[in-house]
Amino acid sequence: MPCIQSLLSKAKDKLASSSDSAALDAEVLLCQVLGKPRSYLRAWPEKVLNAAEIAAYWQVCEQRQQGQPIAYITGQKEFWSRDFVVTPDVLIPRPDTELLIELALKLMPEQQPAKIIDLGTGSGIIAITLASERPLADFIATDFSTAALDCAQVNAAKHQVNNVRFIHSHWFSNLTNSQFDLIISNPPYIAENDIHLEQGDLRFEPLSALRAADQGLSDIKIIATEARHHLSSGGHLLLEHGYDQGHQVHKLLIGLNYNNVTTYHDYAGQPRVTLGCWH
């Protein structure tokens, strides 16, 4: 029977043609099968695994070789130093979205109550992260997908967050007379004919959470237009968008009479989030 070191070497070679991070993927997948941290692999490189463990390992390696995202195979992904449950019904959390969290926290005083809504919550990473950081605030998280809401509620329970209410809604459709201090959303914003939809992890993620009409701007336009009726005076709208949509979203918010419209760049230096204030 092969040992851990030998298995990792073979798996790395096996995954090299389908992954830019073959060595890391090999380790993460073996940790998943063994239920151990990566430090275990370093500590016990000569440990021999049994037949069942080896079979399970080659099975997940095969999934990865076929392009399945690591997050869907392992069922989890880290975001803002927390582990979140991830299913194929939700988008995989990405570092770009942490910019939304940073900006939102600056708009939410730590010791004051506030009303916040996260539109299109998916796995719940935005609402749950903010609710953990601002326990005095009241949150609503909506999604049109009931499967996504199920995933988000699992994550809320996992992180023991009880100041988020989950509502099945397409943007604001099931909300009445609700006023918020902050409306935040990472909506679908990829154009329907974008070639990236046929590449990498995007091939396996739910299209309804990725793709939007009108060159990727249709949902952003709906949210920005309707948000004006749901923001308290002085409230803010925070929208994540594509790297090439900053100018269009900025112009859209100004045209809808938002004030102090500002576009912020992500860690890669790309325009990623646009903020508007409503008076």
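**Close-up views of helix packing and selected residues**

The buried residues of α11 pack against α10 (218–227), β9 (231–240), β10 (259–265) and β11 (271–278), where contact means heavy atoms within 4.5 Å and where helices (H or I, at least four residues) and strands (E, at least two) are DSSP runs numbered from the N terminus. The model shown is predicted, so that local features need pLDDT of at least 70 and side-chain atom pairs count only at pLDDT 80 or more, while totals for chains, interfaces and linings use all residues. Residues are numbered from 1 along each chain as its sequence is written, and side-chain values use heavy atoms, with hydrogens and water left out.

View A. In helix α11 (residues 246–255) the buried residues are G246, V249, L252 and L253, buried meaning under 20% relative accessible area, exposed over 50% and partly exposed in between, with a 1.4 Å probe and protein chains only. Seen down the axis of α11, these buried residues fall within an arc of 130°, so they line one face of the helix; the arc is that of the directions from the helix axis to the C-beta atoms. H247, K251 and G255 are exposed on the other side of α11. After α11 comes N257, which has a positive phi, near 70°.

**View B. Packing of α1 against α2.** Helix α1 (residues 4–15) packs with helix α2 (residues 22–34) at an angle of about 130°, their axes being 8 Å apart; axes are lines fitted to C-alpha atoms, for helices over the stretch in contact, and angles run from 0 to 180 degrees between N-to-C directions. The two helices α1 and α2 are therefore oblique to each other, given that angles under 35 degrees count as roughly parallel, over 145 as roughly antiparallel, 65 to 115 as roughly perpendicular and the rest as oblique. From α1 the contact involves I4, L8, A11, K12 and L15, and from α2 it involves A22, A23, D25, A26, E27, L29, L30 and L34. By class, the contact of α1 with α2 has ten nonpolar, no polar and three charged residues, where Ala, Val, Leu, Ile, Met, Phe, Trp, Tyr, Cys and Pro count as nonpolar, Asp, Glu, Lys and Arg as charged, and the others, Gly among them, as polar.

**View C. Packing of α2 against α4.** The axes of α2 and helix α4 (residues 51–65) come within 9 Å and cross at roughly 135°, and α2 and α4 are therefore oblique to each other. On the α2 side the contact is made by D25, A26, L29, L30, V33 and L34, and on the α4 side by E53, A56, Y57, V60, C61 and R64. The residues of this contact of α2 with α4 divide into nine nonpolar, no polar and three charged.

**View D. The covered helix α7.** Helix α7 (residues 125–133) is mostly covered, with seven of its nine residues buried, and these buried residues are I125, I126, A127, I128, T129, L130 and A131.

View E. A71 lies in helix α5 (residues 70–74) and is buried, with a relative accessible area of 6%. Apart from neighbours within four places in sequence, A71 is in contact with Q76, K77, V86 and I92. N177, in the loop between β5 (164–168) and β6 (180–185), is exposed, with a relative accessible area of 76%.
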